[in-house]
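Me: I'd like to go through this protein model with you, bit by bit. Could you take my questions as they come?

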Amino acid sequence: EDAKTYKKKIGIVQKVYPDLAMWKDDKYLKIIAENSLEEDEQRPGETTEDFYKRVYAQKATESDDDYKKRVYTRRPDETDEAYVARINSLRNLFPESSIWTEDSALTYSEDYYKLLYKRVDGEDDDTYYSRLVAKGDDEDVQKYKEKIRILQQVYPDLSMWKDDKYLNIIKANSEDGPATRDTSDEYYLNNYAQKPTESDSDYKKRVYTRLTGES
């Protein structure tokens with residue numbers, strides 16, 4: 001009996017026997033409540049971490065694409081803040097998952113990044129841009145450059161992409177990152193080699209996409 005079938009059964013029992021004392025008895029109501037939970041709902045007493053591990057671990061029969069789609073699909077009534085917090089938690093719980101390696105289209109994840117990097121109420125341009133270009137303690141050069149690439153993609157019209165103050169910070173934090181437009185062989189080998197998870201179509205699109213500020 002799955003949760004849907006169980007709830008249907010309880011509904012019929014209530015209709016046929018509406019005067020049973022158990023409808024007012026917490027002992028039975030608690031059992032009904034627990035048995036009525038869908039598989040992807042958090043159980044009473046279950047920690048958020050255990051809930052995420054149970055519900056959001058990749059299934060053996062699940063492709064990477066299906067898994068990524070499921071992870072980035074909003075839960076019913078999930079707020080922006082709760083959505084971002086859940087994805088961040090899953091990234092920490094399953095750091096080795098291949099779904100965190102982004103394709104050039106940010107398939108399924110674009111909305112997450114827009115929310116993650118959106119301007120906070122009350123932030124002026126300098127505070128906002130400084131936050132975006134800051135290098136996190138857990139970011140190595142490659143992670144930082146990937147963050148900047150994603151930022152350029154989801155917020156291409158920010159004025160900081162044409163401001164030397166922020167471009168110099170990006171340059172310093174990324175060594176040979178997008179702000180320097182390094183034309184050396186090493187830069188192209190590092191940044192434009194086809195990734196193992198990248199399809200020919202995605203790779204071609206990335207290669208032919210102009211960088212911000214590229215003439």
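Me: Which helices each supply at least two residues of the lining of the largest pocket?

Reply: Quick note before we start: this is a predicted model, where local features need pLDDT of at least 70, side-chain atom pairs count only at pLDDT 80 or more, and totals for chains, interfaces and linings use all residues. Residues are numbered from 1 along each chain as its sequence is written, and side-chain values use heavy atoms, with hydrogens and water left out. Helices here are DSSP runs (H or I, at least four residues), numbered from the N terminus. With that naming, the helices you want are α5, α6 (110-116), α7 (125-133) and α8 (141-154).

Me: How much space lies in the largest pocket?

Reply: Rolling a probe the size of a water molecule over the atoms shows where empty space is left. On a 1 Å grid over the protein atoms alone, a pocket is an open set of points where a 1.4 Å probe fits, with protein on both sides within 12 Å along at least five of seven lines, and lining residues have an atom within 4 Å of a point. Grid points are joined across faces, edges and corners, and the volume is the space filled by probe spheres set on the points. For the largest pocket that gives about 870 Å³.

Me: Which helix gives the largest share of that lining?

Reply: The lining has 23 residues, and Arg-91, Tyr-113, Asp-138, Glu-139 and Lys-143 lie nearest the pocket's centre. The largest share, four residues, comes from α8.

Me: And how many residues of the lining are charged?

Reply: Asp, Glu, Lys and Arg count as charged; Ala, Val, Leu, Ile, Met, Phe, Trp, Tyr, Cys and Pro as nonpolar; and the others, Gly among them, as polar. Sorted that way, the lining has eight nonpolar and five polar residues, and the charged ones number 10.

Me: Which residues are joined into one network with Asp-80?

Reply: Asp-80 and Arg-74 meet in a salt bridge of 2.5 Å, N to O. Asp-80 is partly exposed at 29%, and so is Arg-74 at 36%. Salt bridges that share partners make the network, joining Asp-80 with Arg-74 and Lys-118.

Me: What is the phi of Asp-77?

Reply: Most residues other than glycine have a negative phi. Asp-77 is in the loop between α4 and α5, and it's exposed, with a relative accessible area of 80%. Its phi is positive, near 65 degrees.

Technical notes
Salt bridge = Lys/Arg side-chain N within 4 Å of Asp/Glu carboxyl O. Buried < 20%, exposed > 50% of the residue type's maximum accessible area, 1.4 Å probe, protein only.
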